[in-house]
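Subject: Structure for your review

Dear colleague,

Please find below the structure that I am handing over to you. My notes on what was found in it follow directly after.

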Amino acid sequence: MFIEPCDPPRSAGPTAVGSFLPDEVLSSEALQGEVARRSGLTLPPRLLTQATGIRSRRVAGEGVYASTLAVAAARRALDAAALSPLDIDLLLFASASRDMVEPATAHIVQAELGSRAHALDVTNACNSFVNGIDLARSMILAGRARRALVVTGETPSRAVRKDPSGPAELRDGFAGYTFGDAGAAVVVEAVERGGILHVDCETHSEHWEVGGIPGGGSRHPRGDAYTYFRGDGHELRGVFEKVGTAVIDRTLHRTGMDWAGFAKVLVHQVTVPYLERFAELTGVPAEKLVVTVPELGNMASASIGVQLDRVFPELAAGERVLFVGLGGGISIMTMVWEKS
């Protein structure tokens, strides 16, 4: 598809949002019961709930894929913007999950929607969706797109090992028991005022081995053992605490803002204790947070999109929101957005 260059605008940002949750609810008690039954391990009562603060999560049923969740969320975002799929000239599938290694899942989403946009995938663990929004904004400001649709469909529950062979394997994959599935989407376009005001990020790639799903690439192209999430939750948390709050402190300093200047703070949520620790370290007031993790678990890159969808209708023009992305790799990203 040829994209005719256009005069670049001065600002761009999300103008509509949609999210989608699978129907099936899986409680932590039911998940723990299945793990104990299939592994033969004796687990302390309410271990998952007490360790993570997660009571339940949504899981995609049979025949529901990452693209399925993304398409459902995309349709809601397009409806909210009163747009047709053909109004989009850039489609980014920005997710840690995908339908397959090749082709890009963006093409599967596009075929289902019936759009004809330039389509590609953006992948950076749980920061994928925020990275996708930033890339869409950059292409619009560069005059390479007029209106973008950024979508994510996350199905990390399918990477959870429910039959660990023993305590060591249980511990190695424990962080996976936080996962829940979801889809989210935003329309990103030029705006006269507001939009995305500031973006900052920090990467600490020396920690890339701390957690992830090693299968499906050239290192481990085959073998079910590599398709499960591996990573010690305590080690992951330790790395993020070691990295610290520098990028957030820098964002506040460069924008001249403090917590009172934000209507909401949307942060990627892994567990309740981790969210509480984030609030303690940064000083963000609890009432600024949009807490989803107890009922929906760790939705990977869809976490911030689902939070945004929940608060979008109540935000007034001119109110500002801080996005804080935390992703394996390790990357930390902030984005200041003002509703137009």
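How many bridges join β1 to strand β7, and do they run parallel or antiparallel? There are eight bridges between β1 and β7 (residues 182-190), and the two strands run antiparallel. Please bear in mind throughout that this is a predicted model.

The five-stranded sheet

β1 and β7 belong to an open sheet of five strands with mixed pairing, in the order β1-β7-β6-β4-β5. Its edges are formed by β1 (12-20) and β5, each of which pairs on one side only. From one strand to the next, the twist averages 20°.

Helix α3 (residues 66-80) touches β1, β4, β6 (147-154) and β7, and its direction makes about 125° with that of β1. Helix α5 touches β1, β4, β5, β6 and β7, and its direction makes about 20° with that of β7.

Strand β4 (residues 90-94) is mostly covered, with five of its five residues buried. In a regular strand the side chains alternate between the two faces of the sheet. In β4, L90, L92 and A94 point one way while L91 and F93 point the other way, and all of them are buried. β4 pairs with β5 (residues 118-122) in the parallel sense over five bridges, and L91 stands opposite A119 of β5.

An arginine in α5

R137 is located in α5, which spans residues 128-141. Is R137 buried or exposed? Its relative accessible area is 17%, and since buried means under 20%, R137 counts as buried. Leaving aside residues up to four places away in sequence, R137 touches A12, V188, I196 and V199. The C-alpha atoms of R137 and I196 are separated by 7.9 Å, although the two residues are 59 residues apart along the chain.

The four-stranded sheet

I would also draw your attention to an open sheet of four strands, again with mixed pairing, whose order is β8-β11-β10-β9. β8 (195-203) and β9 (264-267) stand at the edges with a single partner strand each, so one side of each has no neighbour in the sheet. The twist here averages 15° from one strand to the next. β8 and β11 (residues 331-338) run antiparallel and are joined by eight bridges; T203 has S331 of β11 as its bridge partner. Helix α8 packs on this sheet, where it touches β8, β10 (320-327) and β11, and its direction makes about 145° with that of β8.

Cavities

The structure holds three cavities of 30 Å³ or more.

With kind regards

Conventions:
Residues are numbered from 1 along each chain as its sequence is written. This is a predicted model: local features need pLDDT of at least 70, side-chain atom pairs count only at pLDDT 80 or more; totals for chains, interfaces and linings use all residues. Side-chain values use heavy atoms; hydrogens and water are left out. On a 1 Å grid over the protein atoms alone, a cavity is a set of points where a 1.4 Å probe fits but cannot get out, and a pocket is an open set with protein on both sides within 12 Å along at least five of seven lines; lining residues have an atom within 4 Å of a point. Grid points are joined across faces, edges and corners, and a volume is the space filled by probe spheres set on the points. Two strands pair if DSSP finds at least two bridges between them. Axes are lines fitted to C-alpha atoms, for helices over the stretch in contact, and angles run from 0 to 180 degrees between N-to-C directions. Contact means heavy atoms within 4.5 Å. Buried means under 20% relative accessible area, exposed over 50%, partly exposed in between (1.4 Å probe, protein chains only).
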